[in-house]
Amino acid sequence: MIRNYRQGDAQRVRVQAAQRAEARQFAAEFDHIPAFTLAGDVPGRPVLAVFGYRPDKASGTAECFALVGADAGPYLLQAVRFLRRSIASEARRSGIRRVTMTVREGFSPGVRLARLLGFIQTGVLPDFFNQETYLFFERMEHYGITDGNLGGRA
């Protein structure tokens, strides 16, 4: 089940090993941004993942963030479907045209999630966090364009 984020949800995610350093430093930030929680029926683990974004209306951009639990796998399809729609509708509502996210290089589940959410890798960020290289992903929002027609002739 996807629900609105509740304060402290990010600290309750049993994150994957690849996200531990990020979670220690940034989990509390989810309490200050618009976010959603993926909750499941795992006994003792009701918070499986959190997803948030930080819009900057002045620049027309937003950053996306996620902490995904090691036990979230069976529920991620539900989250991906919800987030694809949510990113598009929130961007449209806020006037956001460009949405970005970063994923640590070599963290294949994070790369897979970014791609499933419609992000395309557009850069590499050496020594981005904890002297680790991160991949930079972007998703462009095209309002009023339907059926995959991105401005070409129909």
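Me: Is P109 buried, partly exposed or exposed, and what is its relative accessible area?
Reply: This is a predicted model, and in it P109 belongs to helix 3. Buried would require under 20% relative accessible area and exposed over 50%. P109 therefore counts as partly exposed, with a relative accessible area of 30%.

Me: How far apart in space are P109 and A18, C-alpha to C-alpha?
Reply: P109 is a residue of helix 3, and along the sequence 91 residues separate it from A18. In space, the C-alpha to C-alpha distance between P109 and A18 is 9.6 Å.

Me: In what order do the helices and strands of the protein run from the N terminus on?
Reply: The secondary structure of the protein consists of 3 helices and 7 strands. Read from the N terminus on, these elements follow the order β-α-β-β-β-α-β-α-β-β.

Me: What share of the contacts in the protein with a separation of 6 or more is made by residues 24 or more positions apart?
Reply: A contact here is a pair with heavy atoms within 4.5 Å. Among the contacts in the protein with a separation of 6 or more, residues 24 or more positions apart account for 60%.

Me: What volume does the largest pocket have?
Reply: Rolling a probe the size of a water molecule over the atoms shows where empty space is left. The largest pocket is lined by 38 residues, and those nearest its centre are Q19, E22, F65, A66 and T102. Its volume is about 810 Å³.

Me: Which element gives the largest share of the lining of the largest pocket?
Reply: By class, this lining has 25 nonpolar, 7 polar and 6 charged residues. In the largest pocket, which is lined by 38 residues, two or more residues each come from helix 1 (20-26), strand 4 (61-68), helix 2 (76-94), strand 5 (98-104), helix 3 (108-116), strand 6 (120-129) and strand 7 (132-140). The largest share, 6 residues, comes from strand 4.

Me: Is E22 buried or exposed, and at what relative accessibility?
Reply: E22 sits in helix 1 and is one of the residues nearest the centre of the largest pocket. Leaving aside residues up to four places away in sequence, E22 touches A27, F129 and Y134, and the C-alpha atoms of E22 and F129 are separated by 8.4 Å although the two are 107 residues apart along the chain. Since the cut-off for buried is under 20%, E22 counts as buried, at a relative accessibility of 17%.

Me: What volume does the largest cavity have?
Reply: The count comes to 1 cavity of 30 Å³ or more. The volume of the largest cavity is about 220 Å³.

Me: Which element contributes the largest share of the lining of the largest cavity?
Reply: The largest cavity has a volume of about 220 Å³, and of the 21 residues that line it, G52, Y53, C64, I87 and V99 are the closest to its centre. Two or more lining residues each come from strand 3 (45-56), strand 4, helix 2 and strand 5, and the lining divides into 17 nonpolar, 3 polar and 1 charged. The largest share, 6 residues, comes from helix 2.

Me: Which residues in helix 2 are buried?
Reply: Helix 2 has 19 residues and spans 26 Å from its first C-alpha to its last, close to the 27 Å expected at 1.5 Å a residue. An α-helix has 3.6 residues a turn, so residues three or four places apart point the same way. In helix 2 the buried residues are A79, V80, L83, S86, I87, A88, E90, A91 and S94.

Me: What relative accessibility does Q131 have?
Reply: Q131 lies in the loop between strand 6 and strand 7, and its phi is near 55°, a positive value in a residue other than glycine. N130 is found in the loop between strand 6 and strand 7, has a positive phi of about 55° although it is not a glycine, and counts as partly exposed at 43% relative accessibility. Q131 counts as exposed, because its relative accessibility is 67%.

Definitions and conventions. Residues are numbered from 1 along each chain as its sequence is written. This is a predicted model: local features need pLDDT of at least 70, side-chain atom pairs count only at pLDDT 80 or more; totals for chains, interfaces and linings use all residues. Side-chain values use heavy atoms; hydrogens and water are left out. On a 1 Å grid over the protein atoms alone, a cavity is a set of points where a 1.4 Å probe fits but cannot get out, and a pocket is an open set with protein on both sides within 12 Å along at least five of seven lines; lining residues have an atom within 4 Å of a point. Grid points are joined across faces, edges and corners, and a volume is the space filled by probe spheres set on the points. Helices (H or I, at least four residues) and strands (E, at least two) are DSSP runs, numbered from the N terminus. Ala, Val, Leu, Ile, Met, Phe, Trp, Tyr, Cys and Pro count as nonpolar, Asp, Glu, Lys and Arg as charged, and the others, Gly among them, as polar. The expected span of a helix is 1.5 Å times one less than its number of residues. Buried means under 20% relative accessible area, exposed over 50%, partly exposed in between (1.4 Å probe, protein chains only).
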